[in-house]
Amino acid sequence: MIAHYLKLVWNRRRANGLILVEILVSFLVLCAVFGVVAYYAMNWFRPLGFDYRNVWTLEVDIPQATLDDREQTARALATSQRLLATMHDDPQVESAAPMPNTPYSGSMSRRGIRLKDGSMLQYLSSPTTPEGRDVLRLELVAGRWLEPGDEALEFTPHVITQDMARRLFGRENPIGRTIDGFDDKGQPETVRESWQVRRVVGVIRNYRKSGEFADMRYAAFHPQSMSDPVRSSEPWSYVLRVNPGTRAAFEERLLKALRAEAPEWTFGLRSLELERQRHIRDRLMPLAFGGTLAGFLILMVGMGLVGVLWQNVTRRTQELGLRRALGATASAVRNQIIGEIVVLTVIALFIGTVLFLQLPLLGVLSFVGVGVFVSAIVASSLVIVPFVIACGLYPGWLATQVEPAQALQYE
Amino acid sequence: MLTNYLKLAYKVLLRRKFFTFVSLFGTSVTLLVLMIASAMLDHTFAPLPPEVRLDRTLHVTYMAMRGEGNEWSGSPGYGFLDRYCRGIPHVERMSVFTGAHGASSFVGGEKVVSQLRHTDAEYWSILDFDFVAGQAYGESEVADGSHVAVISEAAARNLFGDRAAVGQSFETRGQTFRVIGVVRNVPRMRETAFADIWVPVTTLPSDVWKTGLMGDFNAMLLADSPRNFRAIRAEFAARLPHVVMTEPDRYKTMSGSPRTRLEDIAADAIGTKDDMPQTGLFIGVLVLLALLFMLLPAINLVNMNISRIFERVPEIGVRKAFGASTGHLVGQFIVENIVLAVLGGAIGFLLSLWALQLINGSGLITNADFQVNPRIFLYGLGLSVFFGVLSGAYPAWRMARLDPVEALRGGHR
């Protein structure tokens with residue numbers, strides 16, 4: 001039966017070729033949309049690793065004439081220390097800590113190291129103080145969090161995320177191990193000062209700084225010194241945990257107090273809850289836009305398909321009439337019309353799947369799991385096949401209306 | 001001849017209403033999206049108020065300092081722009097200003113966030129703001145560091161409600177400014193003009209900004225004519241080696257070049273190569289995206305057109321038998337298709353008027369005021385004709401190749 005439909009499709013290959021291309025392109029468009037949906041959905045259900053409620057972020061803009069000047073850094077650190085004290089003095093602030101890479105912000109200070117196997121590991125490198133964990137409510141799973149005095153140890157203690165520990169050390173216990181970089185020949189990189197050695201002291205749940213939709217798993221926290229310009233530079237952002245129900249009056253008061261400490265610096269205070277809403281909206285808007293567009297395209301293709309099949313049926317009056325005259329039932333004729341288009345669709349889906357799977361196979365978008373691609377293909381197929389069948393229903397019904405006598409006298 | 005084709009096209013459109021509807025639906029939605037995109041692009045690149053002199057303005061927005069293993073790239077500083085960029089021949093006027101950054105004020109316990117920009121006095125003479133009340137600050141206010149401000153209507157409403165804003169004072173970033181002018185809201189896309197509050201550059205709190213080679217400043221260079229852009233860039237490049245580097249052990253050279261708006265956006269979108277924006281690549285990517293988007297609707301239309309040919313096989317056979325050349329038939333079919341596409345384009349155009357109003361009202365883009373102007377209408381028309389030819393050429397070719405004998409017999413396949 002299917003072999004017969006295949007033959008029928010092949011006989012009219014030129015006309016069917018275009019329909020095939022059309023279904024193929026529609027399938028790829030759907031795959032792209034569903035791919036993004038699947039990626040977002042899979043990330044959405046993973047734990048976030050921090051608590052955004054009642055947290056504010058403070059960004060500091062420090063006017064600088066030069067970069068990396070030790071004296072300037074020492075002065076800026078002293079000011080930063082006063083700022084931190086000011087934050088803690090505010091009655092509504094429960095806890096505050098310097099934190100680059102604040103959640104939902106665009107800022108990304110990443111560090112890349114080459115592992116022994118030659119692959120690169122990119123991770124968020126966040127210097128913070130012991131209070132950082134309380135503010136973001138990071139969840140410790142092994143070892144310890146940063147403690148006062150850590151910034152002066154003879155090594156740099158690191159608290160890393162679970163996925164980073166697994167990537168670096170596999171199933172072995174990461175506590176006490178060092179994070180070593182290698183050069184491109186596989187030789188360990190030497191550090192100039194002993195304190196530059198990165199030693200893992202603790203493991204936390206994955207800290208997904210870029211929010212619910214993103215898949216950022218590698219992050220490390222290490223001590224921020226508030227006085228040593230050699231080991232630390234001045235922080236440019238902070239996180240603050242405040243009492244529930246804190247509003248604008250708090251903002252005004254805190255900004256005023258901070259400005260009094262550092263009149264030349266510019267401050268931006270934001271509620272993390274609002275940042276999160278904005279972040280989510282910014283991700284969903286383009287998706288909604290793309291989805292609507294894809295919907296219109298598919299609708300258009302569907303209507304076009306109905307038209308083309310309709311036309312086909314009128315043109316094949318003789319063939320269909322002959323079948324009816326030779327005893328084919330109405331449903332057999334309808335099944336033929338729908339069967340042909342389904343066969344065509346299956347071929348298109350096959351080609352489309354092969355094309356789409358090139359993305360993970362070629363290593364493009366390597367941060368996206370294969371599961372996302374597979375779900376996108378399955379979801380797109382589940383939409384396309386019933387849709388195409390629906391498009392064939394009316395032309396199929398028209399085909400059953402062909403009168404054998406009328407068809408045979410056609411010529 | 002053309003009248004005949006048009007008559008035929010009209011008849012064919014009426015013959016199969018379903019096909020006509022589907023074709024029109026497809027073309028109008030496709031062209032609607034393309035027209036919205038071109039309206040947005042037009043509003044980004046065209047000289048629209050307040051940036052009325054955009055076509056002869058160059059911007060210094062990006063510089064890079066390099067030394068061995070060190071690089072600092074980004075906006076230039078006031079020190080560099082003031083010391084090395086003034087007095088370039090063919091530059092009629094020059095303005096130095098900062099980017100627009102969020103600044104909060106508190107009004108009755110409520111937070112108001114505005115975009116604040118520090119500018120010099122020339123800024124107001126290169127850009128043409130539409131003043132609702134009061135006026136801009138001039139050289140003397142800038143020289144004195146007067147705490148005066150020009151604010152947008154939106155900022156005026158946020159800060160003062162319905163009261164007249166001019167003469168009132170407000171506080172932001174710990175400084176108090178007196179409003180001396182109110183301007184109409186500026187859309188977000190006007191990169192150099194956009195802000196809610198404009199204040200003299202001399203009110204910046206520290207003095208660090210005056211000296212830096214790099215910093216948070218941009219400059220506009222108003223040329224006497226776009227033809228002299230090349231000369232201005234050459235002079236700019238010739239001055240770079242004379243820049244006295246403030247940290248010679250760290251940074252040795254300074255590079256960068258004044259850019260047009262298009263070059264600025266291209267550099268933002270796809271990056272730079274040797275500090276030069278890749279404008280050609282950027283335009284290529286845009287065209288490619290548009291073509292990719294048109295692909296599916298075009299295949300769809302081709303497909304339907306091919307089906308329709310077969311409906312008209314007897315007609316084509318007769319015309320061929322009576323001596324119509326391939327050219328005639330191709331011409332006829334393409335004209336029919338263009339008529340269809342232009343019709344779809346007209347519908348798309350009307351829809352885009354509505355959709356742009358929707359976008360303006362939605363607040364997705366701050367102060368958006370997308371309007372359709374004759375230029376965008378022409379883009380739309382061009383796109384429609386292009387789309388018509390794109391989707392009509394292959395079916396026309398197929399039609400013209402029909403064998404007249406087969407055709408007269410009503411043959412198929």
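**Close-up views of a predicted two-chain model**

View 1. The structure holds 0 disulfides over all chains, a disulfide being a pair of cysteine sulfur atoms within 2.5 Å. This is a predicted model, in which local features need pLDDT of at least 70, side-chain atom pairs count only at pLDDT 80 or more, and totals for chains, interfaces and linings use all residues. Residues are numbered from 1 along each chain as its sequence is written, chains are lettered from A and ligands numbered from 1 in the order in which they are written, and side-chain values use heavy atoms, with hydrogens and water left out. For Cys31(A), the closest cysteine sulfur belongs to Cys391(A) and lies 18 Å away, too far for a bond. Cys31(A) is buried, with a relative accessible area of 0%; buried means under 20% relative accessible area, exposed over 50%, and partly exposed in between (1.4 Å probe, protein chains only). Cys391(A) also counts as buried, at 6% relative accessibility.

**View 2. The buried side of helix H10 in chain B.** Helix H10 of chain B spans residues 313–321, and its residues Val313(B), Ile316(B), Gly317(B) and Lys320(B) are buried. Helices (H or I, at least four residues) and strands (E, at least two) are DSSP runs, numbered from the N terminus. These four residues lie on the same side of H10(B) because they cover an arc of only 105 degrees around the axis; the arc is that of the directions from the helix axis to the C-beta atoms. Gly323(B), with a positive phi near 100 degrees, follows H10(B).

**View 3. The interface of chains A and B.** The size of an interface is often given as the accessible area lost when the parts come together. Chain B and chain A bury about 4,000 Å² between them, of which 66% is on carbon and sulfur atoms; this buried area is the accessible area (1.4 Å probe) that two parts lose on being put together, summed over both. Of the area that chain B buries against chain A, Phe106(B), Leu296(B) and Asn303(B) supply 15%, more than any other three residues. Chain B gives 46 residues to the contact and chain A gives 45 residues, where contact means heavy atoms within 4.5 Å.

**View 4. A salt bridge between the chains.** The count between chain B and chain A is 1 salt bridge, defined as a side-chain nitrogen of Lys or Arg within 4 Å of a carboxyl oxygen of Asp or Glu. The side chains of Lys111(B) and Glu251(A) meet in a salt bridge at 2.2 Å, N to O. H9(B) provides the largest share of the side of chain B that touches chain A, 13 residues.
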